[in-house]
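Work through these exercises with the structure open beside you. Try each task before you read its solution.

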Amino acid sequence: MEFTVSFFSFELDPALAADPVFDLHRRGKMTMSATIPLASRDDLSLAYTPGVARVCEAIAEDESLYPDYTWTANTVAVVTDGSAVLGLGNIGPKAAMPVMEGKAILFKQFGGVDSIPICLDTQDVEGIIATVKAMAPSFGGINLEDISAPRCFEIERRLDAELDIPVFHDDQHGTAVVTLAALRNAAALLGRTFADLRVVVSGAGAAGAAITNTLIAAGVQGANMIVVDSRGIIHGERGALGGMKAELAATTNISGRTGGITEALIGADVLVGVSGGTIAEEALAGMAPGAIIFALANPTPEVLPAVAHKYAAIVATGRSDFPNQINNVLAFPGIFRGALDVRASTITAGMKVAAADAIAAIVADELRPEAIVPSPLDPRVAPAVAAAVAAAAVRDGVARRLPAAAPVQVRQTV
């Protein structure tokens, strides 16, 4: 009997074939490999049948053994529905996969965390929740990614409540953690205190809401914060506010300022842009002297640094080709590394603040206007964040094991 195997062939667009970006992405950016050898019958008998049955029986009798004898102790699911991918919008699950692969290799490179990209072909809240809950036993944590607001708030809240493993929406909390770290150092460099800062957040989606709540928790006065969405300043008298925006209206802009971004920025000390829109130079001119501008929309900032520097003493973006890159890779690998190391059941507010403090501390002794956060490639970042997060998990009572002790240094004497 003979078998014939045929393959489809196609001609790649010559422009794409010559593009190094497409060349790098061909056949994906990641693969899987075994951690043990499979070179002999003994190897097979230990890794698979009959040896594997003994491990299965032990776990069936005592489920606490599960993370010790499976990959789950070091593996995270990176889950998206493709509804809010980077600055590209609702491009769907297939087009989102290159970003999720990228996230997975960042987890591995910077935190030593294995992760699997999972792009769901549904944007239904109940469908996403049910799917993630059903697959949760395969993972030690869930990283929600690029899910649009306001659905992302409900999805994260419910999964966090219903699962006993960490659930983290990086677009919300990863962005907020790094923004907090950057603002801590920017304020220190300028001799400012959080309690006195007047802050405008442009964008009321997942990142904007999380940044606002995080900064208030860190000491910025809610009365001194203004949040602006596509319809203008959020305030208590504005109609058609629900969910998270209603909560923002109740905790910010106590003076009831109205208008758009121009009115919001009058006298502001800090602008945090996470809107994806463009902010006119005329609006920036109303900011207080010595201002701070974080224009974080990617790939196109709300205002380019050359313009922002006319009105601000310190400028940051989300891009790697400008100084002060506020990038989530400073946070999520170390946060999950720390949470997994102590088998945390959730990620608390205290763990997020600890992560921000650790990021800020790395460059605290070498602050300059163009270096308020460490480089995403700085090898000190993930270990420092992981240690701080693990310690915070223990303090907050959500750790199910203690962090591994640091090796004892023994000095020999003769």
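**Exercise 1: An enclosed helix**

Decide how far helix H14 (residues 332–341) is covered in this predicted model.

Solution. Start with the count: nine of the 10 residues of H14 are buried, so the helix is largely enclosed by the rest of the structure. Next, find them: Phe332, Pro333, Gly334, Ile335, Phe336, Arg337, Gly338, Ala339 and Leu340 are buried. Last, look past the helix. Arginine 343 follows H14, and its phi is positive, near 50°.

**Exercise 2: Span and packing of a helix**

Describe helix H16 (residues 381–395): what is its span, and which helices do its buried residues pack against?

Solution. Take the span first. H16 has 15 residues and reaches 21 Å from first C-alpha to last, close to the 21 Å expected at 1.5 Å a residue. Now list what is buried in H16: Val381, Ala382, Val385, Ala386, Ala388, Val389, Ala390, Ala392 and Ala393. Then find the partners. The buried residues of H16 pack against helix H5 (92–111), H14 and helix H15 (349–362). Finally, check what comes after: glycine 397 follows H16, with a positive phi near 75°.

Conventions
Residues are numbered from 1 along each chain as its sequence is written. This is a predicted model: local features need pLDDT of at least 70, side-chain atom pairs count only at pLDDT 80 or more; totals for chains, interfaces and linings use all residues. Side-chain values use heavy atoms; hydrogens and water are left out. Buried means under 20% relative accessible area, exposed over 50%, partly exposed in between (1.4 Å probe, protein chains only). Helices (H or I, at least four residues) and strands (E, at least two) are DSSP runs, numbered from the N terminus. The expected span of a helix is 1.5 Å times one less than its number of residues. Contact means heavy atoms within 4.5 Å.
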